[in-house]
Structure formats: structure tokens, C-alpha cells
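Trainee: Please pick one part of this structure and go through it closely, then show how it connects to its surroundings.

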Amino acid sequence: MFWLRIQRTLKTLPKWQLGVLAMFFGWIFLTIFGPWIAPFPTEVAEPTMRLLPPSGAHPFGTDENGIDILSRVLAAPRTDVVIGVVATALSVVIGTPLGVIVALYESRGGAGSTAFAETFMRVLEVIQSFPVFVFAMVLVAVFGGSVTNIIIAIAFVNTPVFVRIVRSDVLSLVQRPFAEAARAAGNREVRIGFRHVLPNALPTVIVQVSVTVGFAILLTAGLSFVGAGVKPPTPELGAMIASGAKYLEIGQWWAAFFPGIALGLIVFSFGVFGEIMTQVMEPRAVRRETDRRREHALETGADVPEVSEAPAVALERTSDPVLAVEHLGVAAADSRQPLLSEIHLALGAGHSMGIVGESGSGKSVLVKSILQLLPPELAVTSGSVRYLDHDLLAMNKGAMRAMRTTQIAAILPNAKSQLNPLTSVGAMLRSALQAHEKISAKDAEVRAIELLEMVGIVDPAQRLSAFPHELSGGMAQRVCLAMALMYRPRLLIADEPTAGLDVTIQRQVLDLTRKLAEDAGTARLLITGDLGIAAHYCDTVAVMQAGRIVEIDETERLFDAPRHPYTRHLLDCVRV
Amino acid sequence: MRLALYIGRRFLFLIPQVFLISFITFVLVRLLPGDPARLSLGPLAPESSVEALRAKMYLDRPIPEQYLIWLENAFQGDLGESWVNNTQVIDDLIIRIPVTLELIFLALILVFLVLVPLAVITASRTRNWIVRVFQNITFGYGMLAGALPDFLLGLVLIFFLFAGAAGLMPAEILPGPEGRLGILDFEPPFVTGSILIDSLVAGDMEIFWSGFMHLIMPVFTLAFVYGAPIFKMLRSQMEGALKADYTTYAEAVGIAPRIVLVRAARVAAGPTLVITGVVVMFLLGGAVLVERVFNYSGLGQYAINGIVTADYAPIQGFVCFAAIFTMLVYLAVDLIHFAMDPRIKIGGTES
């Protein structure tokens, strides 16, 4: 599994990252063999050869002691990389079990363990509030500057990071079903923590390791640079840069330049290696959202039989439609694969149309393309979208914005995620009103209260100061409904308006939507995955499959006598 | 009310934390090798006078007692005396703290003036050529800033802008690593300790200019290296916020783009603020190295000198200041974040 992931990640890497990966292994090679392949001795001074510029014999020149810089640069990774790697390993070995234990203790619940956790975290905060560099410097000064002590100091300052991330990971993991299952099977808590939960937290740890190693190398070099780390003559990059720095100002650049480049490249290649490891460990984190959607659409498209027959369209032409979509096609900007093709539909004034189809069939893309809200990576490739006599595709953004809500209103799925978490209900309603009319904040508040009353929210004045996370799903949906209908629009597009709500709340919201929309004479386009909702609330229903409308008909006729095989397939699924 | 409760709770923790900081510092510094009394009097002093000094410095008492004595003095503003310079640590700190804070704050200001707008631009969902150009530049910046150690960048700047890159460029475009001012410049009278403010107060534009020129390279170094985490966090948060459902929905409602952007930025600001607090802590460490490179007589140099000469009191004073300063920055960050984000609960530990 692990090797498979590595292989897959390697295939998707850009060329330059592969190059850096090769360089990374080059540094590892030097860490192991560097001191043995160095052409000159690395710690023996040659006073007659001081500060020779780069030449054939000494490609990187010589330093203030007359030692070949190339040899020292080749030998130095042994010091820097070993300190960085061993110190990081130590932090992991100490920090990880500590994090697991704290989390296990904390997850037992009860006042005692909460107090313990709070205290522990505050103490950790104290340790982390010592500036890392200074803290390491003092530690090295206290215990002396041997390589072992430098490793201990660097390990010490990095340990809290691992305690923290392991603790928070384990805390969320012990509540997962698999940990419950292990508990039910009679495992002891400690065993669950280390055997069942910890392996799941390892990806985060490994990602953090790759970051920490680079940081630890920088720390080593920094300490040596100020003279509080590795002491000359041991070849170490920070100390070499420090000794070369004096000559930089007088034009003898090579003594600091080459160690500097080497240090930069080491840290850089460790950083890129870390990013690659992140991709190996969390393959999902790097796949772009659009890729996923496109793949999803393709996968689900491939599951069911191909769009086998011509679309079954049995509607008379709607005269003077509010919304008319013709030949609409949408594709991802960087791919030929269409997400929507040849979409036709027409919605008469005051009518309601349902669009059904399984997830991935392109319903939401259709909504976004009607509303002119396609993400930049998707583009309309053909066709037209008309609202009354406006061509929406040709409309400029300002004109479109003026029509939003006042004429074309939208309700989008999962109302709670549609409301900005840091904007209160009152502020949201006020800005929605002020976007379309000149209205003072005070009047807007009065109107907002009326609107919330209209959608049946109790105690509306109180609710104005509520934030989205304080609302229930149904309440959030009502707020969105209030905004959608506040100007009695001609057209309402509701995309899965009841997703994530209880069945009883679903009915309330849909009934309310229908009542308010009928009062205002609003035409509705209702997108849903639920055939029952479509049957109950819509005059006509369109069935979508793999980016096409395969059948469109009056509701009764469609449910009584479906003509397209996919419609029958969908209906069969429900009727079982 | 909610805010008051939160502040009260945080301060309740702050007090023991500060004590813990002072205690850890005290113990660590007491562990430093070398006998301060002997170091103070030199190797030739007779044993009896060293003993006398040890008694006078309470070095013959047990560590807990020494700590209590130190704490009592610290409350009275007495942080001890440097045996190398025979100066009061508190006086040294008062002179040196502003030097380092000036570097750190100017670096943060530079980050916020340059990198924050860049992060917002490159997070934009429109993909015109300007955005693309900026994206390529900032991609390179992200790579470089993660790999280039601060002290190395400082040296590179000196090499190009002062030393003239071994004859490739005109030399001395900027003043070299000679500290805050040129050798012949006089320090302005001490008011705040900031060279820019003090020279303005004194009305001495020449010194102001000199101080400004001397600040360019160190401030740029710090901003370049330590701005990267702030930049990356803000950009990814901003990208997330602009892609989020609530941004699309606000557009669907027809809310003005300016307000939509501001509201997205507000969401992105929280995590960016938190990371800024951490960066300030790293800036203190970075200042140690950068001060070393540019010969700035700030806190960092003070600490290094203290460590090299085994001078107890200055190290103690510095480490204690640095940790308490960081705690206060964390506290300020948490308070602002709490005031900004209604989702944060008063109790509970952060993860």
C-alpha cells in the first residue's frame, strides 16, 4: 500500500521536484560517505595556502586556515544532517508517547482530567514561549557544546511540537468508530492508544518530521554561526559561514559563499522532500477539487448504461418563459470532457420545475451556470441562458448583480455553510438589503425583523445578533429563504434546499417556500436528489444523467409512464 | 461580558505561567558552568574574597532560596548585575529592548505592507496575467524563504549592497554592518530607545536618515525570512475563503464584491493572526542572528555576549524578558482572535 502510494506520487511529480528529490538523496549520500570522498584533509591547517580563490586544484578555493573548502563542504553534511535527523528522531521518540498518554488521560473525561489537560497545555505553552533559538543557545551553554549536547538541546525545543500534534490527533481519533470497536473487543485503553489509534496519527507525525528536520538543520547552523554550536575545526556549515563572513566584505567571497549555497540547498531539498512525503501520506490533500469532481462525474457516468436513447422530450413549447436554457454545454477549462451538454429547458412564469438525478449528474453545475457563478476552472462552451429577454451569458457582472435576489434568487445546499461564519444574521440581511436599495441601517434592521417573521422564525429581533454556528440547519435555511424571497423575485433557483435537514423540517421548509413563492408569483427551479420531493412540489420534472437531460415531462406523466430507461431505473430504485 | 470572562480566565493562567518562566530560567542559568564569583574576581583573587563574594551573591544558599531572593529583587526592579560590565541588567535591558523591538516591529510592518496585499492578490480566483505573474514571483519567494537561513541572507545582502559583489556592482549602496549608526554618528538622546523616533524627537534629520539606512538590510532580512509563514498562511486561508460556499452564496445574493472580499478576509485573518504570534517568537530568535550579522547592539548580541562570557544575570534577564514578551504576544493574539471569532468557546484548550 505504502509503496503503491510512493509510486503513484512519483508519477504525478513535476520534473523539477524529481530533480530536487535526486539532490536530496545526494545529500544523504554525502552524509554517509562525504568525509571519505573529500579530496583533501578537512581539519589540517595549511598556513601557506590561506584564502586562495577558486582554481583547478581547489574548485571552491581555500579558507582562512588554508583548508580546501570543497572537501569541507563535502564532509559537513555528516555533522549538520546527522544532528538534524537524530535530534528530530529524539523529539519524536519522546514527544509521541507523551502526546498519546496525555490524550488518553484527557479523553477519560471528568473534572480531574480536564484540569490536568488544561494545566499540561499551559505548561507546554510556557516551554514553547521561550524563543526556540535562544533556549537552544542557553541549553548548549549550560551543558557544553559537544555534538551530543547540541542534539539534546535541539531535540528538547522541538519535543513540545510533537506532543501537541499527537495529542490533538489522538484526541479526535479515540472517538472514532474503529477505536470504539477495539474498546468493545476488550482491549485496554493503553493498548488501544498505541496499537490502534497511534498508527492512524502517524501520517501527521511524518509530515511534521520532514518540516522539523529542515528546521533542526537551520538551528544547528545558526547556533554554530554565533559560536554556540559545533566548534571548529569540525566541518560544519554554520561555523564555516561564520569564519568566511569576515572576508566577504573585502571581496574574498568564496569562503562563505560555497558553504552558504550548500546549507541553502540542503534545507531546500529537505523541504521539498517533506512536501513529497506529505503527498505520499495524504494523497487526498493534493488532488485538486476540480479533478475530484470531474472524476466523480466520469465514474458515476460510467456506472450506469450510457445515455442510450435520444432524450424524451414531451412538452409543448412554453410561451414566454421566465427562464430558457438552450443547447447549454459546460466543460472544465483544461479538459475536453463536457460536464453538461445540450441542456434544454424552459420554465414558465409562476411554474415550478424539478430537476432530479443522482449526485454527479451535473445538477449543481447547471445551477451555477444559470446563476453565472461557475468557478473559474469551468466554462460555458455552447448555448444560451435567457431570463425574460436578457441573455445572462452576455450580461456584465454589475448588471447581473443588480438582478440577483431582486429578480433571480438562489437557495444553495447546506444553508449553514452558505452563511459566512463571522457575519451575524442581522449583518448578512442588512448587507443583502443595502446591496439593492438605499436603506439606512436602522430601517434595514426593521425590515430584517419582518423578513425573519415572514419565514416563521420566533423571536426574530433576538436572532439578528446570532451567528451561523448558533443556528440550527432548519433555521439557517429559513434565513436563506427570507433573503431569497425578500424582493418577490420572478425566478427562484433552489439547489437541494433541504439537504441535511430532518424529514419533518424538510416538509416545513418546502411548504413555506411553495407558499411564499406562489404568493409572489415566483417561478421555481427545484434541484433535488429526492424523487418524492420532485413529485410533490413540481409541475414538471427533468431527469439528468451524466450531464444531459434525458427526459423532461409533466410530473404525473413522467412518474406514471417514464419513457427513458434511466428514468425507469431511478423510479425502480425508489419503488423497491 | 463574554470578552471580560475570557480575559479574566486567561490572566488567571498568565500569573502562574510567568512564575514558571522565571523559575525555569533561574534554574537553567544557575546550571551554567563556571562560578560567577570566581569569574567576577578573576583567577588571581584569593579564595577568601571569592568566598565572601559568594556569600554576598547568596550563591552559598540552596537553589530555592536563591530563587526567592532573586524573585524579591526582581519585583523591585533589580535583575542583578553583569559581572563583565558592572552594569545593572535592568538598565541594559531598557536600552537594548527597544533596539530589538524596533527591528521586529519594522519587519512586521514591512511584511504587512508588502506580503499581505500580495497574498490577497495571489489568492484571487481571477486568473489574468497580473495574478499569474505575481503567483510565479511568490512561488519562487516561498521556495527561497523556506531554505535561506536569516544570517545567510544578511551576509548575501552585505556582499551585494555594501561590498559591491567583489567588484561587480558599485560598492556601499547601503551602509555596512557597523550597527545602528555610522561610526561618526552620535546617538540621539534616549527617549524611547528607537533610533527613528528618538532622532525625530531630537529633530536631527541626518541621524534619522543614517539610522534608517542602517535599518534597511536587517529589517529586510527579517521580513523576508519570517514573513513567509504569515504569507503562506494568509494565502491558503484566503484561497479557502474565496472558494467557500459562503462566498459564492454572497455573490448569488448580489452583495457588493468589496463587502464579499472583506468578509472572506475576515475569516482568513484569524489563523493568520495566530501564526503571526508564533512568528514574533521566532523573530526574537532571528533577531539574535541578524543583530550578530549587522553588529546591532540589541538584546540578541547582549544574550550572546552573556553566554560566551558565562555572565549569569544578563542571560537570565534576557531569557525571562523574551519568554514573558512571547507570552504576552500570545495572549494579545488570543484576545484579538477571541474578539474576532464568535465560534471560540471561553473554556476548552486549543488544539
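Mentor: Strand β5 (residues 378-387) of chain A runs antiparallel to β6(A), and 2 bridges join them. The pairing includes A:Tyr387, whose bridge partner in β6(A) is A:His390. Two strands pair if DSSP finds at least two bridges between them. Strands (E, at least two residues) and helices (H or I, at least four) are DSSP runs, numbered from the N terminus. This is a predicted model, in which local features need pLDDT of at least 70 and side-chain atom pairs count only at pLDDT 80 or more, while totals for chains, interfaces and linings use all residues. Residues are numbered from 1 along each chain as its sequence is written, and chains are lettered from A and ligands numbered from 1 in the order in which they are written.

β5(A) and β6(A) belong to an open sheet of 4 strands with antiparallel pairing, in the order β3-β2-β5-β6. Its edges are β3 (338-347) and β6 (390-391) of chain A, each of which pairs on one side only. Helix α13 (residues 363-370) of chain A lies across β2 (323-332), β3 and β5, at about 65° to β3(A). That angle is taken between N-to-C directions, from 0 to 180 degrees, with axes fitted to C-alpha atoms, for helices over the stretch in contact.

Another pairing in chain A is parallel: β7 (residues 408-411) and β8 (residues 491-495) share 4 bridges, and A:Ala409 has A:Leu492 of β8(A) as its bridge partner. β7(A) is covered on both faces, with A:Ile408 and A:Ala410 buried on one side and A:Ala409 and A:Ile411 on the other. Buried means that 20 or more other C-beta atoms, placed from the backbone, lie within 10 Å of the residue's own.

Just after α11(B), B:Gly254 has a positive phi of about 95°.

Between the chains as a whole, 63 residues of chain A are in contact with 64 of chain B, contact meaning C-beta atoms, placed from the backbone, within 7 Å. α4(A) gives the largest share of the chain A side, 8 residues.

Terms used
Contact = placed C-beta atoms within 7 Å. Buried ≥ 20, exposed ≤ 12 C-beta atoms within 10 Å, placed from the backbone.
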